[in-house]
Amino acid sequence: MGVRLSQSFYLDSIHFQLRKPLMMNNQTKKLAIVPIALLLILFSPLLMHAQTGIVSGVITDQKGPLEGASVTLKSNAKIGTTTDAGGRYSIAAPPGATLVVTYKGYKFTELPVNGRSSVDGMLTAETDILNDVVIVGYTSKQRSQISSSVSIVSGKELNDVTSNSINSLLQGKAPGVVVSNSSGNPNAASNIVIRGSSSISAGSEPLLVVDGIIGGNANPTDVESVTVLKDAAATGLYGSRAANGVIIITTKSGKAGKTRVTVNGSTGFNKVTMGNFRVMNSQELYDYQKSFFTAADFARERPASLLATNTDWQSLTYRTGITKNYELGMSGGTEKTLFYVAGNYYKEEGTVRHTGIERFNIRTNISHKINDKLKLSVRINGSNRTFENEASGNYGAISAAVNNLPFDNPYNADGSIKIGTEP
């Protein structure tokens, strides 16, 4: 969908008329220049806007129109639009502007307007992307050699947000991959579906393969790339287990050269968003219930002493959770021996109180090339995790935050917490 912008400014004329010739000395000339300069400064932006027009065109590649290509002004990237299904675009631009056209997988191009109202452009594919090596099953191929439905997400793209789950990090990164998590508990597993569910009763979880090991695990910070196999071709590699798709994870390895040390750290905050939802306090609920009781029944059923308790169950259930993630890694090696060693500390407090996870993880990847035909690889991954789960269950706490009345007191007279159905 294109965005059509239009700006107009009309200036009929500006007249300067001298009825008598003026004799000006040097001082007078200097004084006369001042108002003229002020007028030029005042009207120059308007005159420039007066020249702005609508530029339209079609963006294509070698196969035809490109839908979704981005077209922006080089001088101001905030002004832009995207091409429609026919590759057409329309944008407001001055005659001397330059348009920048970008599209994922293609080289960006610049299109000078040069006073034209119609400017077409053709993008060329990035040959480097087509030559990328993609891990597919137990082998690897160049992307240009793959005909099946495959999505590749690099570790850099994956770790632009912080999470302890690779499934959660894949959300919004690969087309056709839907990741959902209905719980505020960081220990709850994310549900991942590739291209929809194939059965009502059977599970929809895809097959997970880490460094060639089916059902392996990896720390998100150690991931080099993730390959998602989405069509039926995956069953030819892994059998019926791949009916719901395959997620292939490749962890990082060292590169020949100087030893490289990396240190990363991040801290974030998680908070529940309730939107316009709000529960009543004691006074509001007391006044509301008065409207559907008789005066005698209300005095008996709802004594004024109830107003002495005003429990905010929302604040007792939810909190602002803090997430911490720290990583220390070292990699390097020679032409024959490569190594990668990394340690990670991750702690996340759930938005529901008394939920959270704390994890220590270490990974070591070592490879040694014995000769041209024999290579030895050792991959070690170890982790220690501590979980905290709310005693009544995550949904029990959330239900209590909505259903419990503000008249209810969660504490006994001695300050201890009431358990179960104690009055």
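Start with one residue pair. Ser 331 has Tyr 340 in β19 as its bridge partner. Keep in mind that this is a predicted model.

Now zoom out from that pair. Strand β18 covers residues 321-333, and strand β19 covers residues 337-349. The two pair in the antiparallel sense, over 11 bridges.

What order do the strands of the sheet take? It runs β17-β18-β19-β20-β21. That makes 5 strands in an open sheet, with antiparallel pairing. At the edges sit β17, residues 257-270, and β21, residues 375-388. Each of these edge strands pairs on one side only. From one strand to the next, the twist averages 5 degrees.

Strand β11 spans residues 177-180. In general, side chains in a regular strand alternate between the two faces of the sheet. Val 177 and Val 179 point to one face, and they are buried. The neighbour of β11 is strand β12, residues 191-194. β11 and β12 run antiparallel, joined by 4 bridges. Within that pairing, Val 178 has Val 193 in β12 as its bridge partner.

Val 177 takes us to the packing. The largest nonpolar core has 17 residues. Which of them have the most contacts inside it? They are Leu 158, Leu 170, Val 177, Val 226, Ile 247 and Ile 249. The elements giving two or more residues are α4 (166-169), β11, β12, β15 (223-229) and β16 (246-251). β15 gives the most, with 3 residues.

Leaving out residues up to four places away in sequence, Ile 249 touches Ile 166, Leu 208, Val 209, Val 210, Asp 211, Ala 218, Val 223, Ser 225 and Val 226.

There is also a second, separate core of 16 residues. Among them are Leu 66, Ala 97, Val 113 and Val 119.

Last stop: Thr 72. This residue is found in strand β2, residues 70-73. Is Thr 72 buried or exposed? Its relative accessibility is 17%, so Thr 72 counts as buried; the cut-off for buried is under 20%. Beyond its neighbours within four places in sequence, Thr 72 is in contact with Ala 77, Ile 79, Gly 80, Ile 91, Thr 98, Leu 99 and Val 100. Pick out Thr 98 from that list. Thr 98 is 26 residues from Thr 72 along the chain, and their C-alpha atoms are separated by 8.6 Å.

That's the tour. Over to you.

Key. Residues are numbered from 1 along each chain as its sequence is written. This is a predicted model: local features need pLDDT of at least 70, side-chain atom pairs count only at pLDDT 80 or more; totals for chains, interfaces and linings use all residues. Side-chain values use heavy atoms; hydrogens and water are left out. Two strands pair if DSSP finds at least two bridges between them. Axes are lines fitted to C-alpha atoms, for helices over the stretch in contact, and angles run from 0 to 180 degrees between N-to-C directions. Buried means under 20% relative accessible area, exposed over 50%, partly exposed in between (1.4 Å probe, protein chains only). Contact means heavy atoms within 4.5 Å. A nonpolar core is a set of buried Ala, Val, Leu, Ile, Met, Phe, Trp, Tyr and Cys residues joined through side-chain atoms within 4.5 Å.
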